[in-house]
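These are my notebook entries on one protein chain. I record what I looked up, entry by entry.

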Amino acid sequence: GYLVQQNPDYLRWIQVCGAAYLTYLGFQGLKAFFKYLIKGKSVEEAIPIMDFANHKKSLIDGFTTTIGNPKAIIYFISISSQVMRPEQTYFDLSIVIVTLVAITALWFSSVAFVIGNKSVRPKFMKYKFVIDGLMGFVLVLYGTYFLMNK
């Protein structure tokens, strides 16, 4: 935020890099989808063994993985840079950050609750590659839109 306030050109570079990264993530999802279409996998091969009994350990593992993941940090910067403006106050930026953290926590908790269910997980894994392709397409569209309109 400080750098953007000092030099608004930095924001443009952050936005372009963020949009390019979203596009890259989208292509990775599409790549996984098309690789599945070409090679194919059985559902049993795609489902990793999970320990459903230890929820506290799962929560801690998920939290530390997300916080320590450089790609997650770059992703959050990519998303937040699309709503940043040079004239924003630190309060405005803190609202963006708090909102991103709250949405992320709600999203990951919901996904873990639903997909972690023993009866839902095999069904999800059966369509995982379709979801990868669909989300990849959406991210490519978003990234391209941001690149063309910033």
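Helices (H or I, at least four residues) and strands (E, at least two) are taken as DSSP runs and numbered from the N terminus. By that numbering, I placed isoleucine 14 in helix α2. I worked from a predicted model, in which local features need pLDDT of at least 70, side-chain atom pairs count only at pLDDT 80 or more, and totals for chains, interfaces and linings use all residues. Residues are numbered from 1 along each chain as its sequence is written, and side-chain values use heavy atoms, with hydrogens and water left out.

**Entry 1: a surface patch**

I looked up how exposed isoleucine 14 is. Isoleucine 14 counts as partly exposed because its relative accessibility is 32%; buried means under 20% relative accessible area, exposed over 50%, and partly exposed in between (1.4 Å probe, protein chains only). Together with Tyr10, Ile73 and Ile77, Ile14 makes a nonpolar surface patch of about 340 Å². Helices α2 (8–39) and α5 (70–81) each give two or more residues to this patch. For such a patch, residues need over 30% relative accessible area and no salt bridge, and nonpolar side chains (Val, Leu, Ile, Met, Phe, Trp, Tyr) are joined within 5 Å.

**Entry 2: a salt bridge**

How many salt bridges does the structure hold? I found one, a salt bridge being a side-chain nitrogen of Lys or Arg within 4 Å of a carboxyl oxygen of Asp or Glu. Lysine 128 and aspartate 132 form a salt bridge through their side chains, at 2.9 Å from N to O. Both residues belong to helix α7 (residues 121–149), four residues apart, or about one turn of the helix. Lysine 128 is partly exposed because its relative accessibility is 25%; aspartate 132 is also partly exposed, at 21%.

**Entry 3: two threonines**

Is threonine 23 buried or exposed? Threonine 23, in helix α2, is buried because its relative accessibility is 10%. Beyond neighbours within four places in sequence, I noted contacts (heavy atoms within 4.5 Å) from threonine 23 to Leu139, Val140, Gly143, Thr144 and Leu147.

Threonine 104 lies in helix α6 (residues 90–115) and is buried, with a relative accessible area of 16%. A polar atom of the threonine 104 side chain lies 2.6 Å from the backbone oxygen of leucine 100.

**Entry 4: a loop residue**

Where does glutamate 87 lie? I located glutamate 87 in the loop between α5 and α6. Glutamate 87 is exposed because its relative accessible area is 62%. Glutamate 87 and proline 8 are 79 residues apart in sequence, but 9.1 Å apart in space, C-alpha to C-alpha.

Definitions and conventions. Patch = residues over 30% accessible without salt bridge, like charges linked within 9 Å, V, L, I, M, F, W, Y side chains within 5 Å. Areas by Shrake-Rupley, 256 points an atom, 1.4 Å probe, with all protein chains shown as cover. Polar contact = N/O pair within 3.5 Å; in protein donor to acceptor, adjacent residues only side chain to side chain.
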